[in-house]
Amino acid sequence: DNIFMACKADCQRKGLPPTKLNTYGQFIQRVRRNLHVVLCMSPLGDAFRTRLRMFPSLVNCCTIDWFSAWPSEALRSVAQSALSEDSDLKIDNADAVVDMFKHIHMTVEQKSVEYAEELRRYNYVTPTSYLELLRTFKYVLVEKRSEVGGLRSKLQ
């Protein structure tokens, strides 16, 4: 009812008779004017390319924001928070590990640019790939610690 009354007032302001059809038209105009949709897609793999071919309006009728690479301080901050959020990890040389993550990610970014220049093929290095690197490290660290702990208990 509130929406109908607001759209009816729009009709009256524009000098249109407040019929159901005109009111509905005003509603549709409001929705078109105020509705914003955000789609987030990873450019990795064939799925993105296939979607763009299937739905060309994603390129023609949309604003595409390509996000730039993270600065080194952001990489450091994300790695530090990811490693400190799990109290079970307890890494002795956490700063060196964070620097290693940062170095790996930035090196892969540089090599991806060289790869694109030489072979004209693209390897996208995204924030998601950095987060996946951190997640994989934490998983492997926990697995290896439990494996070594099991072997240590067998020897004792």
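Helix 5 passes helix 7 in a right-handed crossing, the near helix being turned clockwise from the far one by less than a right angle. The structure is a predicted model, in which local features need pLDDT of at least 70 and side-chain atom pairs count only at pLDDT 80 or more, whereas totals for chains, interfaces and linings use all residues. Residues are numbered from 1 along each chain as its sequence is written, and side-chain values use heavy atoms, without hydrogens and water.

The axes of helix 5 (residues 72-84) and helix 7 (residues 127-155) cross at roughly 30° and come within 11 Å; helices are DSSP runs of H or I with at least four residues, numbered from the N terminus, and axes are lines fitted to C-alpha atoms over the stretch in contact, with angles from 0 to 180 degrees between N-to-C directions. The two helices, helix 5 and helix 7, are therefore roughly parallel (angles under 35 degrees). The contact (heavy atoms within 4.5 Å) involves Leu-75, Arg-76, Val-78, Ala-79, Ala-82 and Leu-83 of helix 5, and Tyr-130, Leu-131, Leu-134, Phe-137 and Lys-138 of helix 7.

The largest nonpolar core comprises twelve residues, among them Leu-75, Ala-79, Tyr-130 and Leu-134; such a core is a set of buried Ala, Val, Leu, Ile, Met, Phe, Trp, Tyr and Cys residues joined through side-chain atoms within 4.5 Å, buried meaning under 20% relative accessible area (1.4 Å probe, protein chains only). Helix 5, helix 6 (94-119) and helix 7 each give two or more residues to this core, and the largest share, four residues, comes from helix 5.

Technical notes. Parallel < 35°, antiparallel > 145°, perpendicular 65-115°, else oblique. Buried < 20%, exposed > 50% of the residue type's maximum accessible area, 1.4 Å probe, protein only.
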